[in-house]
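This report sets out selected local features of one protein model.

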Amino acid sequence: MTTVHEPGTTGRLLVWPASTTESAHGDLAVGGVPLAEVADRFGTPVYVLDEAEVRDRCRTYRDAFPDAEVLYAAKAFLCRAMAHWMDEEGLGLDVCSAGELELAVTTGFPPERIVLHGNAKSPRDLDTALRLGVGRIVIDSPAEIARLAAAVGPDGHQKVMVRVVPGISAGAHDKIRTGTENQKFGLSISDGYAQHAIARILDQPQLELTGLHCHLGSQISSVKPYLVAVRRMVGLMARLYEQHGLVLPELDLGGGHGIAYRPGEAALDLTALARRVRAELADACATAGLPVPRLLIEPGRAIAGPAGIAVYRVLSVKHTGEHVFVAVDGGMSDNPRPALYGVRYAPRLIGRHSTAEPARVAVVGRHCEAGDVLAADAELPADTRPGDLLAVPVAGAYHLSMASGYNLVGRPPVVAVRDGLARLLVRRESLADIRARDVGL
């Protein structure tokens with residue numbers, strides 16, 4: 001086998017994990033394990049996660065931001081192994097619920113390195129965070145201030161941040177743009193709600209305001225929105241210093257770092273981001289006469305996404321007029337992103353070598369929805385047939401974490417690969433699991 005990232009390698013595999021190798025027989029291996037072998041052993045659909053790729057991406061962030069606190073956004077994908085890897089690689093965690101928090105802490109992840117987010121935190125979310133000793137809680141609405149202060153109690157103490165809306169439109173789709181005024185997250189600078197909330201927090205001695213937080217959106221491929229965010233956030237910090245004498249030691253710029261799902265697509269230049277954000281932050285703070293706060297960033301997709309592959313088996317090939325539909329044994333229940341955001345993937349035939357000419361097809365799922373399309377304009381060999389295996393790269397983020405129980409199919413397993421070995425991380429959801437939850441007649 002030859003590595004797909006050698007000079008002269010075809011660009012069609014550039015979005016695959018660095019460990020990916022290809023044989024002359026059409027077999028594709030990741031982490032030294034043939035994907036067809038994973039499919040035979042664990043069944044399909046199946047998610048394959050390259051542990052080395054995950055760890056390498058963590059180290060890339062640590063190297064690019066050596067003085068920052070890097071928090072993995074657990075919503076992208078979380079399991080016990082993932083939490084363990086993040087701990088070993090020195091990253092913190094950004095969680096959005098009591099479920100994500102408890103899973104991480106019961107795995108052994110240090111709670112003081114966890115930040116709890118959420119625009120509408122439930123009483124259980126807050127109680128769990130306080131009980132487990134979470135490092136920071138990001139306040140997202142005025143109602144949370146009194147609730148949290150009461151839950152902490154007069155003799156308690158909790159570090160908090162405030163999520164600010166900087167009024168910046170960034171992200172690949174309007175459903176994943178969260179830095180603008182017309183969405184549910186955060187408190188606006190422009191209408192004064194952020195400043196008012198901060199003043200209320202300062203009146204609660206048991207709440208320690210450590211910094212400001214913003215998150216602009218997802219799949220951002222340009223550095224510029226982050227630089228604008230730095231200027232606006234430091235501007236607010238300067239006003240807080242003037243009004244309250246407050247010097248905040250932390251600034252969280254969130255995540256949203258864009259990755260390529262298909263060869264040729266734009267991705268965020270992490271090196272440029274780190275260099276220019278540091279320079280912009282230093283300059284803005286010097287102008288405002290403030291010390292430079294410690295930076296926090298929250299990558300999720302950029303760590304997990306390119307490390308994952310989804311493997312499906314073809315169930316049918318249907319010709320309808322000029323259209324060819326290749327149906328697989330998964331679909332929108334294990335990957336709702338194409339239906340939600342119109343995301344485009346590049347599936348590939350694996351397990352055999354085909355000499356047939358490429359054909360333009362739609363790879364569709366098995367579910368009873370016209371929108372159950374995994375790849376509307378895929379290029380596959382014209383002789384693709386039932387029983388073939390298809391692999392979809394860049395499937396590590398927001399697939400299983402957003403999976404549903406639609407049609408009671410059951411969610412796929414997650415298999416980790418590394419150094420020629422494959423091991424099960426998350427087992428397949430069985431029909432017995434589904435029946436066990438249905439307790440009434």
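## Cysteines, helix packing and backbone features

The sulfur of Cys214 lies 13 Å from the closest cysteine sulfur, that of Cys285, which is too far for a bond. A disulfide would require the two sulfur atoms to be within 2.5 Å. The model examined here is a predicted one. Cys214 is buried, its relative accessible area being 0%. Across the whole structure, the search returns 0 disulfides. Cys96 likewise takes part in no disulfide, and the cysteine sulfur nearest to that of Cys96 belongs to Cys214, at 15 Å. With a relative accessibility of 29%, Cys96 is classed as partly exposed.

In general, a pair of packed helices is described by the angle between the axes and the distance between them. Helix α8 spans residues 224-244 and helix α9 spans residues 270-288; their axes are 9 Å apart and form an angle of about 25°. Because angles under 35 degrees count as roughly parallel, α8 and α9 are placed in that class. Their crossing is right-handed.

Helix α3, residues 80-88, has Ala81, Met82, Ala83, Trp85 and Met86 buried. After α3 comes Gly90, which has a positive phi near 85°. Helix α7, residues 193-202, contains Arg200. This arginine is partly exposed, at a relative accessible area of 31%. Setting aside neighbours within four places in sequence, the contacts of Arg200 are Pro142, Ile145 and Ala146. Although Arg200 and Pro142 are 58 residues apart along the chain, their C-alpha atoms are separated by 8.4 Å.

Most residues other than glycine have a negative phi, and most peptide bonds are trans. Against that background, the peptide bond joining Thr44 and Pro45 is cis, with omega about -10°. Pro45 is located in the loop between α1 (35-42) and β5 (46-50).

Which residues other than glycine have a positive phi? Gln219 has this feature, and so does Val394.

| Residue | Phi | Relative accessible area |
|---|---|---|
| Gln219 | about 60° | 16% |
| Val394 | near 55° | 1% |

Gln219 belongs to the loop between β12 (207-213) and α8, the helix that packs with α9. Val394 is found in the loop between β20 (389-393) and β21 (414-418).

Note on methods
Residues are numbered from 1 along each chain as its sequence is written. This is a predicted model: local features need pLDDT of at least 70, side-chain atom pairs count only at pLDDT 80 or more; totals for chains, interfaces and linings use all residues. Side-chain values use heavy atoms; hydrogens and water are left out. Buried means under 20% relative accessible area, exposed over 50%, partly exposed in between (1.4 Å probe, protein chains only). Axes are lines fitted to C-alpha atoms, for helices over the stretch in contact, and angles run from 0 to 180 degrees between N-to-C directions. Helices (H or I, at least four residues) and strands (E, at least two) are DSSP runs, numbered from the N terminus. Angles under 35 degrees count as roughly parallel, over 145 as roughly antiparallel, 65 to 115 as roughly perpendicular and the rest as oblique. A crossing is left-handed if the near helix is turned anticlockwise from the far one by less than a right angle, and right-handed if clockwise. Contact means heavy atoms within 4.5 Å.
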